[in-house]
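Biologist: I'm new to this one. Could you walk me through how to read it?

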Amino acid sequence: MITRPRPRWVWQVLAVYLASRVLVTGALLIARTHQGESFEGWWPDDAGRPPYGVFVGRWWDGWWYEQIWLHGYPDAIPTQDGVVVINEWAFFPLFPMIVRAITTATGGTWIVVAPLVSLVLGAVALLVVHRLVTVAAPGAVAARPGLPLATVAVIAFFPSAVVLQVAYTESLALLLVATTLLLLVRRRYAWAMLAVAALGFTRAVALPMAVVVAVHLLLRWREHRAGREALSRREAVLGVGLLGVAGLSGGVWPLIAGFATGRGDAYVATQGAWRPDRGVGVFNGWVRVETFSPLGVALTIAAVALIVGLLALAAIARPGSPRRIGVELWVWSAAYLLYLAAVGDLISSQLRFLLLAFPLAVVLVALVPRPRWAARAWTWLLVAGLAVGQVAWVWTVWMQVLKEVTFLKAP
């Protein structure tokens, strides 16, 4: 049997990902040697510094996913003095289910299998991202050869991309978002239904994808009416079906949580337990700005300005510009970031959530489109700066004196 060699770009993407993982692994190994006292449920204080597997498999949200892997979800929403406390229903099931299937088949443990699953899914996700940029923004790629690989490098070295090799859902979510967008651009609506349905059991980000599907179908219908593109009845039916699946996927987990616990607001109430002083509401998370230092406020304003600026540059980019990322990628970025601003909280996790706004990495790379030497120098400078930020993220976020973080203790 003759096997065809992998395209060159596949090996290039994997090489970039490997380089970023070497940096992250080194930073994590150094950080664990300086780790202060750990939360008892993650690693006993008298057991010395945590092993690498514990550090990447059990820290922060990884601990909650491990509980789901071990015990599943509680039958009732736990409360204390009548108030809902933090619990497993805030976390989606697909990632721990995948790990559960693999550990059952192999006899492996959470702290070994979960980080490895995340690591592998991260590699596959970046391969899909490379292909998506190539297919969805052909004019930009023609104007700036190497744009897909540079985009992959920016994502791989993004400060919070550390989580692509820990027991978190970012790798799986990135894979499913990129896959859904790629299938949508290619008009593979039936397969896209499977991807977006899986997304609904991974992260609470399917609703912005429904917006992307709606805009995509509206534009296709307009092009069909103008006689510029054919739209068969089968495609129309499948497209509407995809829109329905995306919308349902955005609310299926809260519905399941409510049904399983007998409390309709189980998911929302659980999310509110992480924000006891603000609760869950549209743009409620921005109240936290009041507690920021002047530097924190300035950085927040700068970050918002940068994001809005990148969206604006992509929106006004002319055909053939390397900043013209395609309608689906732009709408996803805008809808997702608006959704994130509306329902998110201004904590360090926001930097992690920005990974899913990966199409903006294309615009960031294309800020310096020419001459070629300047474009390459900008890309290297950008990646180097992000790599420094990646190490800083490990040092300031992943390594903590966790005894101080008492709110993470399970009820």
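**Reading the loops and the fold**

Modeller: Let's begin with Asp 81, which sits in the loop between β1 (79-80) and β2 (83-84). Helices (H or I, at least four residues) and strands (E, at least two) are DSSP runs, numbered from the N terminus. This is a predicted model, where local features need pLDDT of at least 70, side-chain atom pairs count only at pLDDT 80 or more, and totals for chains, interfaces and linings use all residues. Residues are numbered from 1 along each chain as its sequence is written, and side-chain values use heavy atoms, with hydrogens and water left out.

Biologist: What is the phi of Asp 81?

Modeller: Phi is positive there, about 55 degrees, although Asp 81 is not a glycine. Trp 60 also has a positive phi, near 50 degrees, and belongs to the loop between α2 (52-57) and α3 (61-71).

Biologist: Is Trp 60 buried or exposed?

Modeller: Buried means under 20% relative accessible area, exposed over 50%, partly exposed in between (1.4 Å probe, protein chains only). Trp 60 has 16%, so it is buried, while Asp 81 is exposed at 77%.

Biologist: Which peptide bond is cis?

Modeller: The one from Arg 370 to Pro 371, with omega near -5 degrees. Pro 371 lies in the loop between α17 (359-365) and α18 (372-398).

Biologist: How many helices and strands does the chain have?

Modeller: There are 18 helices and two strands. Buried residues make up 50% of the 411 residues, and the C-alpha atoms fill a box of roughly 65 × 60 × 50 Å along the principal axes.
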